[in-house]
Amino acid sequence: MDLSEIKVIAFDADDTLWVNEPLFRVAEEEFCELMKPFIEEKECASRLFDFEMQNLPLYGYGIKPFTLSLVEAAIALSDHSVDHATLLKIIEIGKKMLNAPVVVLDGVEAVLLALSRRTQKQDDQRKFKLVMATKGDLLDQERKLEKSGLAKYFHHIEVMSDKQPANYQKLVRHLDIDPAHFLMVGNSMKSDILPVLQMGAAAVHIPFHTTWAHEVVDREVRHDRLITIKEIGALTEHL
């Protein structure tokens, strides 16, 4: 793929810059352990996912919407018999997620440092604007960005309610560039890659070892504006 026209590189945050999805899986396990008096663990996880999908259009993405789904699921799965102490434990699961340390993925800061230094040089080396483009709860994403120590590398921070082509088109218009000059780097084929390709931009897919079922794409995706790398350190080789 020819990336010679790229002017802006946007990075997804969760599971691209720092660890996120494993926190949800641990929380799900803790929740289903609390629900053992009412439902088997495997069915618990499946039913919880159903509640998340039902609530997604209303609540959106993030830890707080997830916690609301946990509470609603607990009440429904227990046939309204779950006690207050258990509900408080479920709320604490959400608070623990919100207060968890941010673990930056290996190689991320080295890549951001290398690319940001290019913007400061006056030689013929290609220069890029770096953007963080993520979705979810604004307060939570701002908190994680601050904890990560990575904010200094980005020209612009965009927290979207969702990642559809229209959301990316709005971002590109704000940056005042053509989609052909935009490159998105992310772990989710559904949210970070396919919408970007649809609007005519380029994408780099970095798969993460844990993927939320809602983000899974059950087909192989090939495109002349898409490359896949195993780890973020390989990104600079293509730029």
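A: Lys64 has a relative accessible area of 36%, so it counts as partly exposed. On this scale, buried means under 20% relative accessible area, exposed means over 50%, and partly exposed lies in between, with a 1.4 Å probe and protein chains only. The model is predicted: local features need pLDDT of at least 70 and side-chain atom pairs count only at pLDDT 80 or more, while totals for chains, interfaces and linings use all residues. Residues are numbered from 1 along each chain as its sequence is written, and side-chain values use heavy atoms, leaving out hydrogens and water.

Lys64 forms a salt bridge with Asp137, and the closest N and O atoms are 3.2 Å apart. The two residues are 73 apart, and the pair links distant parts of the chain: Lys64 belongs to helix H3, whereas Asp137 lies in the loop between strand E2 (129-135) and helix H6 (138-148). The term salt bridge requires a side-chain nitrogen of Lys or Arg within 4 Å of a carboxyl oxygen of Asp or Glu. Helices (H or I, at least four residues) and strands (E, at least two) are DSSP runs, numbered from the N terminus. Asp137 is also partly exposed, because its relative accessibility is 22%. As a general point, side chains of opposite charge can pair when their charged atoms come close.

By this rule the count comes to 13 salt bridges. Another of these joins the side chains of Lys96 and Glu30, at 2.8 Å from N to O. This pair, too, links distant parts of the chain, with Lys96 in helix H4 and Glu30 in helix H1, 66 residues apart. Glu30 has 26% relative accessibility and therefore counts as partly exposed.

Arg143 is partly exposed because its relative accessible area is 29%, whereas Asp140, at 5%, counts as buried. A network of salt bridges links Asp14, Asp140, Arg143 and Lys144.

To return to helix H3, this helix spans residues 63-77 and also holds Leu68. Leu68 has 46% relative accessibility, so it counts as partly exposed. Together with Leu58 and Tyr59, Leu68 forms a nonpolar patch on the surface, with about 310 Å² of accessible area in total. Patches are made of residues with over 30% relative accessible area and no salt bridge; like charges are joined within 9 Å, and nonpolar side chains (Val, Leu, Ile, Met, Phe, Trp, Tyr) within 5 Å. Accessible areas come from the Shrake-Rupley method with a 1.4 Å probe, and for residues only the protein chains shown count as cover.

The loop between H3 and helix H4 (84-98) contains Asp79. His80 is found in the loop between H3 and H4 as well. Most residues other than glycine have a negative phi. Asp79, although not a glycine, has a positive phi of about 55 degrees, and His80, also not a glycine, has a positive phi of about 65 degrees. Asp79 counts as exposed because its relative accessibility is 63%, and His80 counts as exposed at 65%.
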